[in-house]
Amino acid sequence: MSVGTGGIQKAEKSGGEPRKVSSATLLRRLLALALEYRRPCVMVVLMQTVLVILSLSTLGLTGVGIDYLSSQVLSNGETPHWPFGISPPASWSPVQVIVVLSLTILAVAMLTAGLKYLAAVASGALSQHILIRLRTEIYAKLQRLGFQFYDSGESSSIINRAAGDANNVRNFVDGVIIRLITVFLTLTVFLAYMFRMHVELTLACLATTPLLWVGAVVFSRMVQPAYRRASELGDVMIRTLVENLQGIQVVKGFARESEQADKFRAANHDIRDLKTSIFFRISTFQPAMGLLTQANMLVLIGYGGVLVIRGELALGAGLFVFANLLHEFANQVAHITNIVNSIQSSLASAERVFEVLDEPIRIQSSPAAARISAVLQGIEFDNVSFGYSPEKQVIRNVSLRINAGECVGITGPTGAGKSTLLSLLKRFYDVESGRILIDGTDVRDLNLSDVRRLMGIVFQESFLFSNTVAANIAFGDPEATQERIEEAARIASADSFIRELPDGYQSMVGEHGSNLSGGQRQRLSLARAMLTNPSVLLLDDATASVDPETEHEIREAMVSAMRGRTTIIVSNRLSTLRQTDRIVVLRNGVIEAVGTHDELLRTSDYYRELSDLQSRHELEQKELDQNEETDDGQAMTIHMTGANRVSGRRMTRVV
Ligand SMILES: Nc1ncnc2c1ncn2[C@@H]1O[C@H](COP(=O)(O)OP(=O)(O)OP(=O)(O)O)[C@@H](O)[C@H]1O
Ligand SMILES: [Mg+2]
């Protein structure tokens, strides 16, 4: 098994280096994406083509108008070439002709405006469609990816990929493909029109065009690495922001607000500097290209002027139209710089987006996976070893059988691998060697969703969603009735505090449960785990942050709830451990001892020490409580709970 080799981490390390996936491969995939949207793309391109033809018509009509005027005003003015040979009746006065011409131009202009509106709407709808599809695909993939991916990646980078990078990839379809086709079509139509008017003049005017292409290629090479770096700097900025928001208590607690603000400013300045350098390159290239196209105008005035004087070229339908076409030609070529720019930013982002979409799903149901709805015989760790990274094993040769209906406690020092054991059981990770069996079947051969649903879990750090209390409890089964929600809350000893909340079960829980105490959060998580009535209950230090009285309350309620269930409780509290059928002492990923409370007192040094410390602490606690009663309310005693208390020093603060 390859552990910790998620693609994201590799990408993070590569800061601004040339990309690992070739541009050709990425281009091919982007083209395939565009091809899926060929219908709306063709629609938009068709509309753009009609727009080009309409703009040509306006130009042509204006040119004819100029020629008509010159034929009327100048003695040597030539007769205009009317489009499609439709000339105005001889009976019309010059003013009538000009008015009709103007009205025709106005009609074309209105048609153009209407079509531009339609093209903009179609193009906007297409881009939103692609963007939402990409984001949904990334999100769906993120839901399926295992913890390994998240361990090796960074959430800020993932957020940026779904937000900023997806948008750049979307831009490839409407900002690159459609525009490229439009520009190509426009240039072709213009060129054809110009060649039809005068071949030599066209060739002379466009002599500098190959230089424009060379410029575009040079420009593309210059901006390529910068775009990748820009996405990575975006990650840093989002990380600073998200971490600061999530850790706001720590930030304020240590009065580091201004330093955090500086850090955020610095992250933004880095982005600004990089973007400035990109803009600088764009800004240098665009005028340079503009200058080249202006050279064309010089040729036109010189050579074209001579042709007009010689009578080889009409003034309006010839020189005027030609000048405008050249101008439009230059505009379209300037678009090419933007398109090249967009291609580069799309390629940089595409690599980051495809990295997520291509990330293999390592943990999933095998095709022949068996279904399971309850544990009937038991759970077995069979010589299991596991490490989050290949260098360090966290669980080593663990063998343990837990019978159905049994309640097993796991205890051990911090970092021993207790939470990891539960994660392996839930198949958040797959074992490196050995097997985990449920009713004799390897978990890898069982339906993954079944395995996850089979076991209710209360995580060590409870996470709640920004939703109502009821919705948080019913997370595992949104269809649950109010009675079931309340029943689960009662078992978790959460019912009474929920009723005291302003809106009871409909009270909103702040982000991450910010408006609840640690103990309340834990009890809600417990209720959430109880709601689905799981066959197995995994409690990871579920009562660590509740006071001994509430813990007692929860324990009482749990005794009945645990009946008929297989339960694994990770705890360092003696009172909790004593309630279990068997206790496992885990140290450094190895099972050191297994037995009942009384057996372990004899066989395990660690357990004896834990027991001594806590018994001593309980004694002190009693002593303190007695003092409190006799102190007549003069002194407030601060209780210290938990196994870590070392000395019997009493902390008393006079109030
Ligand atoms: N996602 C992870 N990636 C890498 N290492 C991890 C990860 N989670 C835990 N570890 C490491 O694995 C070891 C066991 O961690 P685990 O969380 O299982 O300990 P624990 O016994 O539950 O400790 P505690 O009592 O503090 O909760 C620790 O050394 C920890 O640093
Ligand atoms: Mg733990």
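Colleague: The radius of gyration is taken over C-alpha atoms, and the globule rule is 2.2 Å times the number of residues to the power 0.38. What radius of gyration does the protein chain have?

Modeller: The protein chain has 37 Å, while a compact globule of 655 residues would have one near 26 Å. This is a predicted model: local features need pLDDT of at least 70, side-chain atom pairs count only at pLDDT 80 or more, and totals for chains, interfaces and linings use all residues. Residues are numbered from 1 along each chain as its sequence is written, with chains lettered from A and ligands numbered from 1 in the order in which they are written.

Colleague: What does the C-alpha trace span?

Modeller: About 125 × 60 × 45 Å along the principal axes.

Colleague: How many helices and strands are there?

Modeller: The protein chain has 21 helices and 12 strands. Helices (H or I, at least four residues) and strands (E, at least two) are DSSP runs, numbered from the N terminus.

Colleague: Take the sheet with β1. What is its strand order?

Modeller: β2-β1-β4-β5, an open sheet of four strands with antiparallel pairing. Two strands pair if DSSP finds at least two bridges between them.

Colleague: Which strands stand at the edges?

Modeller: β2 (395–403) and β5 (441–442). Each has a single partner strand, so one side of each lacks a neighbour in the sheet.

Colleague: And how many bridges join β1 and β4?

Modeller: Five, between residues 378–386 of β1 and 433–438 of β4. In one of them, serine 385 partners serine 433 of β4.

Colleague: Which helix packs on that sheet?

Modeller: α12, residues 418–425. It touches β1, β2 and β4; a contact means C-beta atoms, placed from the backbone, within 7 Å. Its direction makes about 115° with that of β1. Axes are lines fitted to C-alpha atoms, for helices over the stretch in contact, and angles run from 0 to 180 degrees between N-to-C directions.

Colleague: Is α12 mostly covered or exposed?

Modeller: Covered: seven of its eight residues are buried, Lys418 and Thr420 among them. Buried means 20 or more other C-beta atoms, placed from the backbone, within 10 Å of a residue's own; exposed means 12 or fewer, and partly exposed is in between.

Colleague: New topic. Which element gives the most to the shell around ligand 1?

Modeller: α12, with three residues. The residues around ligand 1 include Asp151, Tyr388, Lys418, Ser419, Thr420 and Gln460. Near means a C-beta atom, placed from the backbone, within 6 Å.

Colleague: What classes are in that shell?

Modeller: Three nonpolar, seven polar and two charged residues. Ala, Val, Leu, Ile, Met, Phe, Trp, Tyr, Cys and Pro count as nonpolar, Asp, Glu, Lys and Arg as charged, and the others, Gly among them, as polar.

How values were computed:
Two residues are in contact if their C-beta atoms, placed from the backbone, lie within 7 Å.
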